[in-house]
Amino acid sequence: MIFAIDIARMFNNGRQERDSDMADYLDRIGSGLVLTRPEVFGFDYIPDEIVGREDEKRELASMFIGLAHREGTARAVVTGPVGSGKTALVKTFCRDIIRHLVGKRDVMSVHINCRNANTATRVVQRIIQHMDKGHPHRGLAADELLSSIRRLIQSSNRHMILVLDEVDHLLRHSGDDLLYKLLRLDEDQDSIGTLSLIMISQEQVLDLLESAVISRMGHSSHLRLSSYSESGLLKIAQQRCELGLTNGSCSEEILGLVSQSAAATGDARRVMELLEGAAKRAESSGRGEILPKDVQKTVLTLPTNVDSDNIIELPSDCMLILMGISRRLRRSESLTSGEAENLYHVVCEEYDQKPKGHTTVWKHIKHMADLDIIATKYDNVSGGRGRTLHISMPHMLPSDVQRRVETFIKKRLRR
Ligand SMILES: Nc1ncnc2c1ncn2[C@@H]1O[C@H](COP(=O)(O)OP(=O)(O)O)[C@@H](O)[C@H]1O
Ligand SMILES: [Mg+2]
């Protein structure tokens, strides 16, 4: 009997101890010592006001001057590197112009990310869903849905600003036929002023469009965002800090460190990653203040960012080799130079190109390694003969590289 009680006591004690252990080690999660609103550091979060970019806002607004008129429409292309604030700028612009025109014109905006909607049908389905949730769209072809969209907009007496974000995904997948149709939605119909269009892309998509689409877009309606300078990033860091961190947890020195580190890429997302990462590190050490080492340690965990603009400058053969390499590296960690050459031959066949010889392939691989697009390493087989060169991609995402190459190769081959 005593024995049984002892067992029970031991068991209970054991459990109690474990409970308090558990509470202890989880204590710091959500303690709010530093991070008050984690959602503020999400990439999709858009603050009420974006900081800086005054000239760019004005430039975009000037493209939309016609919108105040009953029948006016506008078109714009916004390009810039990742994290240059394209999405944030366009979203806040749409919100502002809708407010500005209240009483003058009833404007709505629909923002579609073509990364997930990369066919004409999917894009028009999303537009319809946005306007009329109950609309029967299944089984209808894109053209029929387009007519429905026009009717829906007109019967509601509104004007639509359609934003196609990351439009290069749509273009690569389905060409520019939908853009052509959207741009001439009113032509051949008894309608005017139905739709304005903003296209957003990392790439210079204007180059990829057919002339019929370009002439309707107009070359002048191109807004280029450059990557952020250190001072631009500092302002963004200051704003996020006020929005999402506790008072006094993040000094000017820390903000300076964050923006200095992010300036290497000019990517505003880096600011979010660094601030959030450093805040979490401080919290998990039980501190209410971010120290430089929290930022520095976070920097080390982020992938180094290589200037991926290098890719679109590559000669066409080099791009074809890179396409084979990046396709394979989506699935495996590395490949040999021999495999890369075989894959290059497959890609050449696909694009109807005559493959270059072994020495040229070798030279291009070396060139891409110099640019840090790929990394190369010999294995250490003793005996020296027939050492194998292994290729990997530590600085970039193979899927991103593949996407960029596929976007630009056609144009490159036309030259
Ligand atoms: N000028 C700015 N002011 C405040 N936040 C910004 C600004 N520019 C970018 N951001 C923020 O940085 C992140 C990345 O911006 P985003 O618009 O997604 O870039 P892009 O679409 O060019 O890749 C988002 O969280 C965004 O809210
Ligand atoms: Mg974006």
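User: At roughly what angle do the axes of helix α14 and helix α17 cross?

Analyst: In this predicted model, α14 covers residues 316-329 and α17 covers residues 398-414. Their axes come within 9 Å, and the crossing angle is roughly 150°.

User: Are α14 and α17 roughly parallel or roughly antiparallel to each other?

Analyst: The axes cross at roughly 150°, and angles over 145 degrees count as roughly antiparallel. The orientation of α14 and α17 is therefore roughly antiparallel.

User: How many charged residues does the contact of α14 with α17 have?

Analyst: On the α14 side the contact includes M319, M323 and R327, and on the α17 side it includes V405, E406 and R412. By class, the residues are 10 nonpolar and three polar, and the number of charged ones is three.

User: Is the crossing of α10 past α12 left-handed or right-handed?

Analyst: The axes of α10 (residues 252-262) and α12 (residues 292-301) come within 9 Å and cross at roughly 20°. That angle makes α10 roughly parallel to α12. The crossing is right-handed.

User: Which residues of α12 make the contact with α10?

Analyst: From α10, the contact draws on I254, L257, V258 and S261. Across both helices it has six nonpolar residues, one polar residue and no charged residues. The α12 residues are P292, V295 and V299.

User: Between which domains does ligand 1 lie?

Analyst: The shell around ligand 1 has 21 residues, with G85, K86, T87, A88 and A268 the closest. Elements giving two or more residues to this shell are α3, α9 and α11. Because both domains contribute to the shell, ligand 1 lies between domain 2 (54-224) and domain 3 (228-305).

Methods:
Residues numbered from 1 in each chain as written. Chains lettered and ligands numbered in written order. Predicted model: local features only at pLDDT ≥ 70, side-chain atom pairs only at ≥ 80, totals over all residues. Axes fitted to C-alpha atoms, helices over the stretch in contact; angles between N-to-C directions. Helix = DSSP H or I, 4+ residues; strand = E, 2+ residues; numbered from the N terminus. Parallel < 35°, antiparallel > 145°, perpendicular 65-115°, else oblique. Left-handed = near helix turned anticlockwise from the far one by under 90°. Contact = placed C-beta atoms within 7 Å. Nonpolar A, V, L, I, M, F, W, Y, C, P; charged D, E, K, R; others polar. Near = placed C-beta within 6 Å. Domains from an automatic or database assignment.
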